[in-house]
Amino acid sequence: MVPVREAYERQQQFVADASHELRTPLSVLLASVETLEMEESTVKSPDEEWVFEGIKEEIHRMNRLASDLLLLARSDTGEMLMNRTWFDIAETAAQTVRRLRQIAENQQVDLILNVSSELIVFQDEDKIVQIIVIMMENAIKYTMPGGKVTLTVANPAEHLQNTLLIEICDTGIGIAEDELPRIFERFYRPDKSRSRQLGGHGLGLAIAKQIVKACGGTIAVKSQLGKGSSFIVELPTVSTAKK
């Protein structure tokens, strides 16, 4: 088992190093493209503008992939740092929904937020936001125009006062029952043809699961093909919600 463990650790380190090293040349490329775009002496045709936008979009896409791989590599080695503080998850959730509203409107999807007027918790706020953004963007992506995505943040029950519930429900295309066991695997995409059309690398839910695990919580999914999905996250915390 020792050679296997060492090979796995070397692979983890390679992914982390490669992801980190990729970010610098990608940043240089993006800066170079943006500099060329700003050159006043260069008059660009519509086709050239289209090429520049395409290059920028691909650089941003590769940057996101490098960042995602680096996050996963760090989580595998237990290097994901946590910064737990007291904060109002109700306000954080509201701000996050406001940030995502334009994306939802472009997709003609209605966003609904269910949360107490105030819910003070002790957790890593940035990590909580990342979990919500990943799952809500995913829900919006797979919900047809006219559908809705609902974010619920609450204490699940009186006897679980130290547990925070985050649930994202959508009325989207749903996930087949035989696909559910693999939904959190890295690079796994149930509807591969549609996933390619919508973009992404199949890492979002894998990252969400790793962050939830680092926060000491659990994540689960319920779904019915053609009727939508519900992702449920439960995190340990300390609540002093005011009635």
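I began with the surface of this predicted model: the protein exposes about 14,200 Å², of which carbon and sulfur atoms supply 54%, with accessible areas taken from the Shrake-Rupley method with a 1.4 Å probe and, for residues, only the protein chains shown counting as cover. I noted that residues are numbered from 1 along each chain as its sequence is written, and that side-chain values use heavy atoms, with hydrogens and water left out. Local features need pLDDT of at least 70 and side-chain atom pairs count only at pLDDT 80 or more, whereas totals for chains, interfaces and linings use all residues.

I then looked up burial, and found that 39% of the 243 residues count as buried, meaning under 20% relative accessible area.

For the fold, I listed six helices and seven strands, these being DSSP runs numbered from the N terminus (helices H or I, at least four residues; strands E, at least two). Their order from the N terminus is α-α-β-α-β-β-α-β-β-α-α-β-β.

Next I turned to Leu 111 in strand β2, residues 110-115, which counts as buried because its relative accessibility is 6%. Leaving aside residues up to four places away in sequence, I found that Leu 111 touches Val 97, Leu 100, Arg 101, Ala 104, Met 136, Ile 140 and Val 149, a contact being heavy atoms within 4.5 Å. Leu 111 and Val 149 lie 38 residues apart in sequence, yet 5.1 Å apart from C-alpha to C-alpha.

Last, I checked strands β6 (residues 218-224) and β7 (residues 228-236), which pair in the antiparallel sense over seven bridges, where pairing requires that DSSP finds at least two bridges between two strands. Thr 218 has Glu 234 in β7 as its bridge partner, and in the hairpin, with three residues between the strands, Gly 226 takes a positive phi near 85 degrees.

Key. Buried means under 20% relative accessible area, exposed over 50%, partly exposed in between (1.4 Å probe, protein chains only).
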